[in-house]
Amino acid sequence: MRFLLKIENILNCSSIISVVACVFFVCATMAESSDHSGGGNSQSQVIQVPEPQPHPVMEQLPDVEYCINSPPPWPHALLLGFQHYILTLGMTVLIPTTIVPEMGGGHAEKAKVIQNLLFVSGLSTLLQTWFGTRLPTVVVGSYSYIIPAMSIIHAKRYTKYTDPYERFTHTIRGIQGALIISSIFHVCMGFLGIWRFAVRFLSPLSVVPFVTFTGLGLYHLGFPMLANCVEVGLPALIVMVFISQYLNRFISTKRLIYERYGLLFSIASAWLLAQLLTSSTAYNNKPESTQNSCRTDRSGLISASEWFHIPFIPFPWGFPTFNFGEALAMIAASFVTLFESTGTFFAAARYGSGTPVPPHIICRGTGWVGVASMVNGFLGSVTGCTASVENAGLLALTKVGSRRVIQISAGFMVFFSIAGKFGAVLASIPLPIMAAMNCLFFGYVSSAGLDFLQFCNLNSFRIKFVLGLSFFLGISIPQYFVEYFYVKHHHGWFNDILNVFFMSHTTVAVLVAFILDITLSRDDDEVRKDIGLQWWEKFRVYSADGRNADFYKLPCRLNEFFPAL
């Protein structure tokens, strides 16, 4: 009997559990059906997940701490200006180091050319920030003049001079004459407004390769030059990336100290490493080329420089000589620097948190770059001038696009060009260290060009065609001329013109994009909208946007006498 009672209790409990389970199941079914039917207040309790939104379009780059018109405090401005000065030494030292020995000059002649070029860079930078674009751009020597300068150096009429110094003086006078002629062309393109008519037809689509290849086109001055001394250049690059991007994750600060002054820390540490390797006789048995790139005592600038140098004496090696064909080759190089300077102006305006540069302002700036090249011709420098790409990249790293900082750096250039010995100490920094910095700053300028893609419709196949073809030919055509044409046809002024023109990645990419943009992308309003031209219209005329006057207006009410168009 007890056994039967236990079984009965179990059955009763299981039946109760079954009933409760059934009740829960029915309630859950009713709730689900009410949710699907949309009845009652249950719909208002459903959490709505917001749709992801694209990043907003920014006409001016945000997060720039000091824009064009807002100077930082004087202590910071002095350090930042000194950084910009250090960075200009890379190109200022590289070009004379490459050209002067080929001319027959020694360390003394190389030091004088560097000091003259540095003085012109400082003076031209001041003029550019006062009366040119008024952007935070530095004016330096241009590498595009190397080919016509080398053609003049190896001209047959100079082979009769057996004395190296005599050959140097005659050669540099020939370079001076060609520079003066080409600078007249550059000045006319700028101040007569000829370049403005071409720039007015640009759109955001054609500006993308314009600015991008201004940085990418100088890749040979990055890692290939760094690789001449990997044990010094590669640590400099790694330290620079670590200090500027990763160190703040381990040591937090309220101010952007590591990003802002990473250049000084990186160059100082790499320079110390190079000095230790030189002092430890690590390079004594190395090839001559390795010693010239790595050692800190091979530049010869400190011993050859004067304590006090006067760089503004015109025609220090005699009156210039002129040759028609050589002048045409120099004009081709001057034409190439028009593209390089314009791309740098767009990048500097972007990283200075300014509006896109109006065509008249670009034209005004290129005119003053031509004046800088003319002064180089008068003072005996071996190259023309352009806007510095690497210094525009430094604006992005520091997030300081102040005009005053660049003017302070120009003051350092003028001072150290006169104080020869002190400037020679800093100019003896091994070039692979400067090449490591170029890797970072050329990349920054290239990315500034990609910013203009935000105004284009990247879902358009026409946009993809223009971008793809201009990028590919901008790489492929100059590579052909570097590997094949220049090797076989590097003599004669006509071949020099072709080589200078088609070995420039920026020039080729811009011309391809510009022609395709003009012929394919101006058909109707929808296409104009795809390439961003409707947004771009207000920046094609200086007075169409009130912000332009805040950034580009001339000082001392000069706009009343020289109105911008």
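Trainee: Why is Glu-537 called partly exposed?

Mentor: Its relative accessible area is 29%. Under 20% is buried, over 50% is exposed, and partly exposed is what lies in between (1.4 Å probe, protein chains only). So 29% puts Glu-537 in the middle class. Before we go on: this is a predicted model, where local features need pLDDT of at least 70 and side-chain atom pairs count only at pLDDT 80 or more, while totals for chains, interfaces and linings use all residues. Residues are numbered from 1 along each chain as its sequence is written, and side-chain values use heavy atoms, with hydrogens and water left out.

Trainee: What makes Arg-528 and Glu-537 a salt bridge?

Mentor: Their closest N and O atoms are 3.0 Å apart. The label asks for a side-chain nitrogen of Lys or Arg within 4 Å of a carboxyl oxygen of Asp or Glu, so this pair qualifies. Arg-528 is partly exposed because its relative accessibility is 26%. Arg-540 joins Arg-528 and Glu-537 in a network of salt bridges.

Trainee: How many salt bridges turn up in the whole structure?

Mentor: Six. One of them pairs Arg-157 with Glu-326 at 2.6 Å, N to O. Arg-157 sits in the loop between α4 (146–153) and α5 (164–191) and Glu-326 in helix α13 (residues 324–351), so the pair ties together parts 169 residues apart in sequence. Helices here are DSSP runs (H or I, at least four residues), numbered from the N terminus.

Trainee: Is Glu-326 buried or exposed?

Mentor: Buried, because its relative accessibility is 9%. Arg-157 has 33%, so that one is partly exposed.

Trainee: Why are α4 and α20 called roughly antiparallel?

Mentor: The axes of α4 and helix α20 (residues 493–502) come within 9 Å and cross at roughly 155°. That makes α4 roughly antiparallel to α20, because the label applies over 145 degrees. The axes are lines fitted to C-alpha atoms over the stretch in contact, with angles running from 0 to 180 degrees between N-to-C directions.

Trainee: What makes up the nonpolar surface patch?

Mentor: Trp-307, Phe-308, Ile-310, Phe-312, Ile-313 and Phe-422, giving about 710 Å². Patch members have over 30% relative accessible area and no salt bridge, and nonpolar side chains are joined within 5 Å. Phe-422 comes from helix α17 (residues 420–427).

Terms used:
Patch = residues over 30% accessible without salt bridge, like charges linked within 9 Å, V, L, I, M, F, W, Y side chains within 5 Å. Areas by Shrake-Rupley, 256 points an atom, 1.4 Å probe, with all protein chains shown as cover. Helix = DSSP H or I, 4+ residues; strand = E, 2+ residues; numbered from the N terminus. Parallel < 35°, antiparallel > 145°, perpendicular 65-115°, else oblique.
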